[in-house]
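Hi,

Here is the structure I promised to pass on. Have a look at it first, and my notes follow below.

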Amino acid sequence: MRLNQQIAQKISQFKDRAFWCVRLSLFVILAWMGSLKFVDYEARGIVPLLVHSPLGKWLYHHAQSYQEHTKDTPENRAWHQQNKTYQVSYAIGALELFLAFLLLLGLWFPLSGMVGGVLVAGMGLVTLSFIITTPGIWMPHLGFPYLSGGGQSLLKDLLLFSGGFLVAGLDAQRWLERNGFLSAPTQNTCDKKGCCG
């Protein structure tokens, strides 16, 4: 039993490092994916997700005819320009880069991380909603719960949602402590079962 306790105590020390790993992971994901939104293939790639969603189809001029313009040809690029495909993607990319920046600033300014975390969680919810609205998310011959590759990719946004909330909650606590609204956390040294909550 003593060995298990020692191992658990060592692993419990990862908690603070894990929080910073989550923050930095979210930063890398958002900065990388946001940067890709400025590349034509990614701009065209998000169209099927947005045109089937009530949250996104209003962003495009010709949402319903996108399937006729999937190949990378000069004519289709011109169509995507008229459809606002690239402009929408650039705006989403700028938003993702802004959120990545807010999370990074949260290292020094907890209020920034708190706001960024809430917004990242909200963005995760929006992208998770595409599982419901986008055709081809489920394997055609199997249905629920068998996700296609696109569905599996979207399901990972559950971690984006959860990570955003984790960063927001912990940065809110840091901000409250820093501004004297909460007393600094104390180390729990009680060994009696149940007395420490």
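Let me start with aspartate 171, which is buried at a relative accessible area of 0% (buried means under 20%, exposed over 50% and partly exposed in between, with a 1.4 Å probe and protein chains only). Before I go on, please note that this is a predicted model, where local features need pLDDT of at least 70 and side-chain atom pairs count only at pLDDT 80 or more, while totals for chains, interfaces and linings use all residues. Residues are numbered from 1 along each chain as its sequence is written, and side-chain values use heavy atoms, with hydrogens and water left out.

The side chain of aspartate 171 forms a salt bridge with that of arginine 23, at 2.6 Å from N to O (a salt bridge is a side-chain nitrogen of Lys or Arg within 4 Å of a carboxyl oxygen of Asp or Glu). Arginine 23 sits in helix α2 (residues 14-36) and aspartate 171 in helix α9 (residues 157-178), so this pair links distant parts of the chain, 148 residues apart (helices are DSSP runs of H or I with at least four residues, strands are runs of E with at least two, and both are numbered from the N terminus). Arginine 23 is buried too, at 0% relative accessibility. Arg23 and Asp171 also belong to a salt-bridge network with Arg174.

By the rule above, the count comes to 6 salt bridges. Among them is the pair of glutamate 42 and lysine 37, whose closest N and O atoms are 3.3 Å apart. Glutamate 42 is buried at 14%, and lysine 37 is buried at 6%. Another one joins the side chains of arginine 44 and aspartate 72 at 3.8 Å, N to O. Arginine 44 lies in helix α3 (residues 40-45) and aspartate 72 in the loop between α4 (47-51) and α5, so the pair ties together parts 28 residues apart in sequence. Here arginine 44 is buried at 16%, whereas aspartate 72 is partly exposed at 47%.

Finally, a word on alanine 100, which is in helix α6 (residues 85-105). Alanine 100 counts as buried, with 1% relative accessibility. Leaving aside neighbours within four places in sequence, alanine 100 is in contact with Phe27, Leu30 and Ala31 (contact means heavy atoms within 4.5 Å). The C-alpha atoms of alanine 100 and isoleucine 137, 37 residues apart along the chain, are separated by 27 Å.
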